[in-house]
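Okay, thanks for coming, everyone. Have a look at what I'm putting up on the screen, and I'll talk you through it.

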Amino acid sequence: MSLISQLPVLPVLLPLVSAPLCVLLPKGRMPWVFATAISWLTAISAVALLFHVAEVGSVTYNMGGWAGPLGIVYRIDIVGAIVMALVALMAAAVFPYAKESVAFEVGTEQSPAFYSLFLVCFAGLIGVVATGDAFNVFVFLEISSLSTYALVALGAKQDRRALTAAFTYLVLGTIGATFFVIGLGLLYQATGTLNMTDLHERLTGQDNRVVRAGFAFIVTGLGLKLAMFPLHKWLPDAYTFAPSAVTAFLAATATKVAVYAMLRFLFTVFGFTFAFMDVALTLFILLGLTGMFAASLIAVFRDDVKQMLAFSSVAQVGYMLLGISFGTPEGVAAAVMHVFNHALMKAALFMAVGAVFYVTLSHHLSAYKGLGKRMPFTAACFIIAGLSLIGVPFTAGFISKYLLIQAAFEATLPVSSLFIVMLIVASSLLAVAYIGRVAYEMFLSDPPEGVNQVEMPWTMMVPMGVMTAANIYFGMDAETLTSLARQGADLLSMGGAK
Amino acid sequence: MVEFILARYNYWIVIILMMMGLYIVFSRGNLVKTIIGLNIFQTSVFIFYITIGKVAGGTAPILIKTYGDKDKEHGGDHHGDHHSDDHGASHGEVVSEEGHNAHTEPLSAEDAAAFVSGDAANALPLNEPGASTPDGESQAADSLHTLPDATPSNALTAPDLVNGPIAPRVEEVTVPDIALSLGGEEQGSTGASHSNVAHGDAAHADGGYGAEAAADILYSNPLPHVLILTAIVVGVATTAVGLSIAVRIREAYGTVEEDALEQLDNAAEFGAAPGEVPSR
């Protein structure tokens with residue numbers, strides 16, 4: 001019972017168990033201190049787990065000592081460990097940031113409830129990644145989603161539209177989750193198991209209508225959760241009206257975790273050999289490309305910067321789907337890298353937006369006038385993360401787009417690879433357009449009369465700076481992570497079996 | 001064709017409820033009605049899972065004390081999507097008479113082991129004649145494609161036959177050596193196209209203790225019940241969160257009609273959107 005053998009379960013248990021404790025804390029600063037400490041502990045254990053997994057390969061943990069396929073098994077492979085470490089690190093960065101931002105936007109009255117909701121959401125997201133049981137994925141997805149609905153609704157203090165956004169999110173999220181459960185039921189009917197590895201073994205070679213229907217339900221359900229293009233309606237509003245800290249966390253993690261769940265189901269459970277897979281992957285190419293363009297085009301014409309970035313998130317999910325749709329280990333590795341890098345840039349961008357709101361009380365583009373002079377640090381962070389979003393060399397975004405383009409050339413696709421690569425580049429140009437609009441206001445417009453440079457609380461500056469630095473660091477030195485992602489993708493596409 | 005449809009009536013209920021629920025969610029403008037639609041939609045899934053877990057003739061998966069030391073439930077998932085509606089006439093009486101104590105009817109060791117090992121079709125005629133029930137014929141007729149060899153015409157002549165329906169009535173606690181098993185037969189009669197798959201998997205998962213569970217009672221598959229309990233909890237939580245958001249919307253906007261909400265939002269779009277609390 002050494003600590004290392006309990007490591008796979010630790011990142012899930014820590015936030016989950018401490019969430020109810022957090023409610024009991026007195027109002028004010030205490031819940032924040034507690035939640036931040038927990039998020040750091042979780043991050044440490046998740047990173048330790050990543051190193052452990054990178055060293056010894058996939059780790060399996062039997063919940064309560066019941067071995068699979070009967071018991072619930074936690075199974076963490078390399079991709080899972082990367083995503084888990086990503087979620088935990090994002091939480092570790094966002095929690096400190098939340099202090100001032102949340103006190104400002106939500107108030108300290110509800111701080112125990114707020115931080116315990118935040119912890120529950122965090123635990124749910126980590127749980128989705130950790131578990132190797134298909135039904136458990138649903139449970140953790142709902143744990144995180146339910147708390148997310150409430151978190152989004154807390155934005156109502158600033159703008160009452162947060163409530164309607166949360167309601168829409170709740171309805172669509174529940175429909176997605178229910179679709180997912182229907183799919184699981186059909187799979188269970190066909191195989192009699194819920195353990196993912198076991199499911200894969202029994203699904204191999206099976207191709208009947210029950211399995212196909214199950215596949216379709218699961219892909220649609222998860223598609224709703226990850227805001228796949230035509231199912232993305234909930235995302236822009238929810239991200240726009242949620243409190244800034246919540247948006248920064250969700251944008252960096254929630255859809256990413258859903259993408260990982262999708263990867264896991266597509267490749268670990270169904271596997272490349274599944275006859276229906278081609279249809280799905282072709283659909284993903286189409287939806288991914290449409291999403292990239294449609295959402296980016298909408299983003300260009302938004303005057304609300306937060307909303308603009310939210311639409312850009314939908315577009316970025318398109319890149320991930322595109323990577324998945326190639327159906328090659330290279331493509332999956334590119335998708336995983338983009339998951340990681342997009343989390344870094346969106347966290348930094350939304351933190352910057354939150355910082356601007358803290359000072360100017362507005363998300364509107366006009367509030368960004370002359371920000372380069374008023375808030376030089378925030379403006380610099382925004383611009384660097386924005387460049388990363390566009391995919392400029394020496395930023396993280398460049399690495400994943402490079403990998404994606406490389407994968408597109410290597411894959412055999414229904415359409416010409418060159419055509420797809422051109423579309424990837426073209427949609428990146430759209431990112432130039434919308435980031436450029438903000439950059440123009442920030443650096444080329446004069447600040448309104450009579451406003452001076454403003455001081456920001458350091459708890460907001462430091463996480464934002466760290467995220468921005470990470471964008472540059474992973475743009476320079478992506479070797480380790482890329483090779484890890486590649487290993488993980490190989491493993492995933494071999495069906496996850498050892 | 002009609003039989004095919006009627007025999008799967010619970011699936012039709014699931015589909016109809018599901019479509020109703022989804023339609024309500026999409027078409028109703030009232031937020032509370034949307035939540036109700038969502039609930040109906042989720043309920044259809046509950047019924048779907050219960051259908052999956054039902055083993056025809058199986059009792060609720062609650063441990064019965066008499067068999068305390070053999071507490072493993074009958075392994076695997078037998079997809080009993082057929083209830084008494086597709087049982088033969090003779091069997092129908094049996095079920096109605098024995099319904100209340102059906103759980104006291106044990107499986108014969110060989111019989112259950114055979115089912116668990118997925119060999120039901122071939123093993124049936126080899127069992128002692130008493131292992132087949134009077135309804136065997138009608139069952140087999142229903143599912144000829146899954147049990148090609150299971151026409152136990154000899155079973156009807158067996159002397160044990162009489163014991164079958166009567167024995168449980170006579171004895172409160174049946175002993176395992178009463179070989180007759182209604183449940184065992186009915187397992188074979190889960191005539192849906194996927195039942196052969198399911199049986200194969202039961203063998204895969206639980207063949208290990210098939211023999212040990214053999215003398216046990218026939219239970220419905222407990223796993224879907226557990227799953228759906230979890231899903232019900234999630235559903236209740238969703239409803240609670242959804243309704244409380246609706247309450248907050250009502251406080252902030254003064255209405256829960258989607259059209260009115262949209263109108264208010266559009267009106268607000270031109271100015272600064274007012275917060276709930278007047279901004280500082």
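**Salt bridges, cysteines and the chain contact**

A salt bridge here is a side-chain nitrogen of Lys or Arg within 4 Å of a carboxyl oxygen of Asp or Glu.

Before I go further, some housekeeping. This is a predicted model, where local features need pLDDT of at least 70, side-chain atom pairs count only at pLDDT 80 or more, and totals for chains, interfaces and linings use all residues. Residues are numbered from 1 along each chain as its sequence is written, chains are lettered from A and ligands numbered from 1 in the order in which they are written, and side-chain values use heavy atoms, with hydrogens and water left out.

A:Arg486 and A:Asp490 form a salt bridge with their closest N and O atoms 3.3 Å apart. They sit 4 residues apart in helix H19 (residues 479-493) of chain A, so about one helical turn separates them. When I say helix, I mean a DSSP run of H or I with at least four residues, numbered from the N terminus. A:Arg486 is partly exposed, at 31% relative accessible area, and A:Asp490 is partly exposed too, at 28%. For those words, buried is under 20% relative accessible area, exposed is over 50%, and partly exposed is in between, using a 1.4 Å probe and protein chains only.

How many salt bridges are there over all chains? The count comes to 11. One of them joins the side chains of A:Glu142 and A:Lys225, at 3.0 Å from N to O. That pair links distant parts of the chain, with A:Glu142 in helix H5 and A:Lys225 in helix H8 (residues 209-225) of chain A, 83 residues apart. Both A:Glu142 and A:Lys225 are buried.

Another salt bridge is between A:Lys369 and A:Glu441, at 3.5 Å from N to O. A:Lys369 is in the loop between H13 and H14 of chain A and A:Glu441 is in helix H17 (residues 417-444), so this pair ties together parts 72 residues apart in sequence. A:Lys369 is partly exposed at 32%, while A:Glu441 is buried at 14%.

Now, cysteines. A disulfide means a pair of cysteine sulfur atoms within 2.5 Å, and a search of the whole structure finds 0 of them over all chains. Take A:Cys22: the nearest cysteine sulfur is the one in A:Cys121, and that's 14 Å away.

A:Ser147 is buried, at 3%.

Next, how chains A and B meet. The contact takes 40 residues from chain A and 50 from chain B, where contact means heavy atoms within 4.5 Å. The area buried between them is about 4000 Å², and carbon and sulfur atoms give 71% of that. Buried area is the accessible area, with a 1.4 Å probe, that two parts lose on being put together, summed over both. In chain A, A:Arg160, A:Phe167 and A:Gln189 lose the most area to chain B, together 20% of what that side buries.

Between the two chains there are 0 salt bridges, but there are 7 residue pairs in polar contact, both residues at pLDDT 80 or more. A polar contact is a pair of N or O atoms within 3.5 Å; within protein, one must be able to donate a hydrogen and the other to accept it, and residues adjacent in sequence count only if both atoms are side-chain atoms. On the chain A side, H6(A) gives the most, with 20 residues. A:Gln189 lies in helix H6, and its side chain makes a polar contact with the side chain of B:Tyr11, at 2.5 Å.

How values were computed: Helices (H or I, at least four residues) and strands (E, at least two) are DSSP runs, numbered from the N terminus.
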